[in-house]
Amino acid sequence: MTAPATPEQTALVDSAVRRSVKRLIPFLLLMYVIAFLDRSNVGFAKEELEADIGLSAAAYALGAGLFFVGYAVFEVPSNLIMHKVGARWWMARIMVTWGIIATGFMFVQGETMFYVLRFLLGVAEAGFFPGVLLYLTYWFPEDRRAFATGLFQMGLPLANIVGGPLSGGLLELDGAAGLAGYQWLFMVEGLLAVVVGIVAVFYLTDRPSKAAWMPDAERDALLARLEADNADRAAVGGHQGWAKALLNPRVLYFCLICLCIQAAVYGLTFFLPTQVATITGREVGFSVGLLTAIPWACAFVTIAVLPRFADRSGRHREIGAALLVLSGIGIAVSAVAGNAVVAMLALCVAAIGFVTCQPLFWTLPTRYLSGAALAAGFGLINGLGNLGGFIAPNIRVWAEETFDSTTAGLFALAGMAVLGALLLLGTRFLRTAPADAPAVTADAVR
């Protein structure tokens with residue numbers, strides 16, 4: 001293990017971290033908000049697509065999930081390319097291409113075209129999320145990473161807080177300029193990605209060594225700290241190439257945990273607008289969009305607080321598992337709640353659980369891998385894990401049809417969340433080094 005930092009070095013690193021947070025996180029957050037809007041806005045377009053092009057419930061579930069198939073196939077190569085060419089140009093490429101394809105949904109004509117576009121959207125966006133996670137390891141030391149990752153993943157609830165009313169409002173433009181509401185939805189939210197992708201070329205900085213906006217002393221201290229973290233990680237996980245990392249049982253185990261988490265997330269997200277509409281007896285539109293924002297607003301608050309507490313305590317695993325159990329309980333209660341208030345409260349609990357556990361989960365793989373191995377590992381974990389987004393809507397529809405019950409699908413999703421919690425606790429047995437130490441200077445980013 002490396003020697004402890006001096007107070008002067010710690011102060012410089014603290015300042016560098018604060019500067020990096022202010023410079024990078026808001027823009028990365030904006031990118032994530034747009035990414036999540038473009039992958040999940042089909043939940044708002046679902047009823048209009050069913051009415052306009054005759055899309056069946058089963059076809060919708062399959063198409064919604066096909067995004068994650070394309071995403072999974074191209075995650076690892078995308079992340080390896082970003083590791084070689086840098087985040088600035090590669091992130092811009094990802095955003096522009098997915099924005100163009102997302103806009104193309106306004107021209108969808110039938111089930112086959114819907115399937116193809118959803119698959120291509122996944123291919124285009126592949127590498128974005130794990131790419132940002134990898135990018136954060138370039139800038140933030142290990143004892144600040146859950147906090148930084150939590151700030152970035154605030155994009156998930158923020159996308160739904162903003163996206164619910166935005167998507168619902170765009171649907172109400174139905175007939176304006178001769179376009180259907182869902183066409184306005186896909187056009188506006190797709191073109192947002194194109195614009196932000198172009199801006200990314202000029203705004204993002206690949207590595208701290210190229211950060212002209214950071215004082216030399218801070219930059220040197222930060223680079224020294226990051227190099228020390230890499231040395232400690234190598235001592236725990238060994239020096240692994242990217243190909244070997246893909247076959248590492250620990251990486252595959254993390255893939256399974258990620259799959260359970262994402263099944264809970266997308267199994268609920270893709271159906272949330274119609275579920276809220278059913279609970280409240282309203283049609284999907286602006287008012288339902290406002291109501292769907294409530295669970296995400298609750299998650300937005302907790303994801304801003306709990307990752308920092310986890311950094312201080314070092315108990316990422318235990319807190320993350322407890323949150324997943326909480327999510328499973330919330331999903332199950334929402335299925336059987338007898339009134340709208342209880343159902344909405346349960347959905348709030350579910351969102352708090354599966355949103356807030358994610359930045360805690362993503363700190364665990366970084367303890368074993370670095371460099372190209374970490375790039376490949378992140379890509380594989382997120383790629384295979386996000387197949388939960390393919391499995392979940394199809395399992396939900398299958399369970400509802402098989403058991404002739406609208407609650408069966410939600411119980412299946414609740415079970416996935418609880419399974420994820422058990423697997424997360426099981427990472428304790430993957431450890432090959434001393435137990436986690438509490439973060440020493442997490443207060444630096446207050």
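Modeller: We will go from the whole chain to two single residues. Keep in mind that this is a predicted model.

Biologist: How many helices and strands does the chain have?

Modeller: The chain has 19 helices and zero strands.

Biologist: What share of the residues counts as buried?

Modeller: Buried means under 20% relative accessible area. In this chain of 446 residues, 61% count as buried.

Biologist: What do the contacts say about residues at least 24 apart in sequence?

Modeller: Take the contacts between residues at least 6 apart in sequence: 84% of them join residues at least 24 apart.

Biologist: Now the backbone. What should I look for in phi?

Modeller: Most residues other than glycine have a negative phi. Ala177 has a positive one, near 55 degrees. Asp404, also not a glycine, has a positive phi of about 50 degrees.

Biologist: Where is Ala177 placed?

Modeller: Ala177 lies in the loop between α8 (155–171) and α9 (181–203).

Biologist: Is Ala177 buried or exposed?

Modeller: The cut-off for exposed is over 50%. Ala177 counts as exposed because its relative accessibility is 71%.

Biologist: And where is Asp404 found?

Modeller: Asp404 sits in the loop between α18 (388–402) and α19 (408–426).

Biologist: Why does Asp404 count as exposed?

Modeller: Because its relative accessibility is 72%.

Methods. Residues numbered from 1 in each chain as written. Predicted model: local features only at pLDDT ≥ 70, side-chain atom pairs only at ≥ 80, totals over all residues. Heavy atoms only, no water. Helix = DSSP H or I, 4+ residues; strand = E, 2+ residues; numbered from the N terminus. Buried < 20%, exposed > 50% of the residue type's maximum accessible area, 1.4 Å probe, protein only. Contact = heavy atoms within 4.5 Å.
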